[in-house]
Amino acid sequence: MSSAAADERLAHVSLVRRLLTRPELGAVVGAAAVFVFFSFAADTFLQASSLSTILYSASTIGIMAVPVALLMIGGEFDLSAGVMVTTAALVSSMFSYQMTANVWVGVGVSLLVTLAIGFFNGFMLTRTGLPSFIITLGTFLMLTGLNLGFTKLISGAVSTKSIADMEGFPSARAVFASQWDVGGVTLKITILWWLGLVALATWILLRTRAGNWIFAVGGGAPAARAVGVPVVKTRIGLYMGVALCAWISGQHILFSFDVVQSGEGVGNEFLYIIAAVIGGCLMTGGYGSAIGSAVGAFIFGMTSNGIVYAQWNPDWFKFFLGAMLLLATLLNAWVRTRAEASK
């Protein structure tokens, strides 16, 4: 019997069979289909300038889709992620302007504040036992009110004052909002941030003990706790990861446009979740990948811009997004069933 078990473990698994068990399979197939579709539907879709715009759109969603995917693999949600991006930008801008400090001081304070929000979400979740939907919905509402209330109180308007002439602004813009030309095509630094975060998250999930903890917590917290997984620390860490990426996105918004509108970000949390789900994450947790979230964000970029390039009514975008979400969820469930059957 032992030799049979050993033979079973050492049995060769074909490349096709391994690919069929990958969580991002559906997203890759969907991305290829969307790419081919808009290549024929829109004459300008394959132009280099169009592809750079698509990559930029994908990166702005993808930066947040990566930590949201890890959080969903851990079995939780964060409905405050969209407005948290705006909060991070507002804190940087208003602190720097009011204190007449180097903008990097505001950036540092924003980082601390944003991480504190992420810690609050994780702490409240683990201490109260309430669903993450309720906890983060409460945070979403509070941040929405604080963003608008403080901006009006301090600036006297719904947007912040420009900080473009302040010390440290050029260097901060270089880090968070620079761009460069490659062969006549303009590429923005968010693409590098996005790809770097995808690589880091993939390494964490597949090569570290923390990655095993994330999958274990998403598969079932009681069972994970029983085998020694630090469930509380893992959940808090995941929420702080979302906060960190919200800070990065917030700084990009601030240093791209100089000012921040306090009402921005509402609804973007659903785009992050949709990108993660299209990329292979299950709503039940315990399954998914960071690479899949990147493919999901790329699909978002292709669809949102492809409709414009095809000169269609942009109102159709939400229809396509909803259809892709349903199809991806069904395909992901099928892939998960195949993966479990092959074990």
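User: Two strands count as paired when DSSP finds at least two bridges between them. What joins strand S1 to strand S2 in this model, and in which direction do they run?

Analyst: The model is a predicted one. Strand S1 (residues 179–182) and strand S2 (residues 185–188) are joined by four bridges and run antiparallel. The cut-off is at least two bridges, so S1 and S2, with four, are a pair. Within this pair, Gln179 stands opposite Lys188 in S2. The two strands make a hairpin with two residues between them, and Gly183 in the turn has a positive phi of about 60°.

User: How do you know whether Ser92 is buried or exposed?

Analyst: Buried means under 20% relative accessible area. Ser92 has 1%, so it is buried. This residue lies in helix H5, and its side chain makes a polar contact with the side chain of Ser110 at 3.3 Å. The limit for such a pair of N or O atoms is 3.5 Å. Beyond its neighbours within four places in sequence, Ser92 is in contact with Gly106, Val107, Ser110, Gln251 and Leu254.

User: What class does Phe95 get for accessibility, and why?

Analyst: Its relative accessible area is 29%, which falls between the 20% limit for buried and the 50% limit for exposed, so Phe95 is partly exposed. Phe95 is also in helix H5 (residues 81–99).

User: What makes the phi of Asp258 and of Gln311 worth a remark?

Analyst: Most residues other than glycine have a negative phi. Asp258 has a positive value, near 75°, and Gln311 has one near 60°. Asp258 is in the loop between helix H12 (231–257) and helix H13 (268–278), while Gln311 is in the loop between H14 and helix H15 (316–341).

User: Which of the two is buried and which exposed, and how do you know?

Analyst: Asp258 has a relative accessible area of 19%, under the 20% limit, so it is buried. Gln311 has 73%, over the 50% limit, and therefore counts as exposed.

Notes
Residues are numbered from 1 along each chain as its sequence is written. This is a predicted model: local features need pLDDT of at least 70, side-chain atom pairs count only at pLDDT 80 or more; totals for chains, interfaces and linings use all residues. Side-chain values use heavy atoms; hydrogens and water are left out. Buried means under 20% relative accessible area, exposed over 50%, partly exposed in between (1.4 Å probe, protein chains only). A polar contact is a pair of N or O atoms within 3.5 Å; within protein, one must be able to donate a hydrogen and the other to accept it, and residues adjacent in sequence count only if both atoms are side-chain atoms. Contact means heavy atoms within 4.5 Å.
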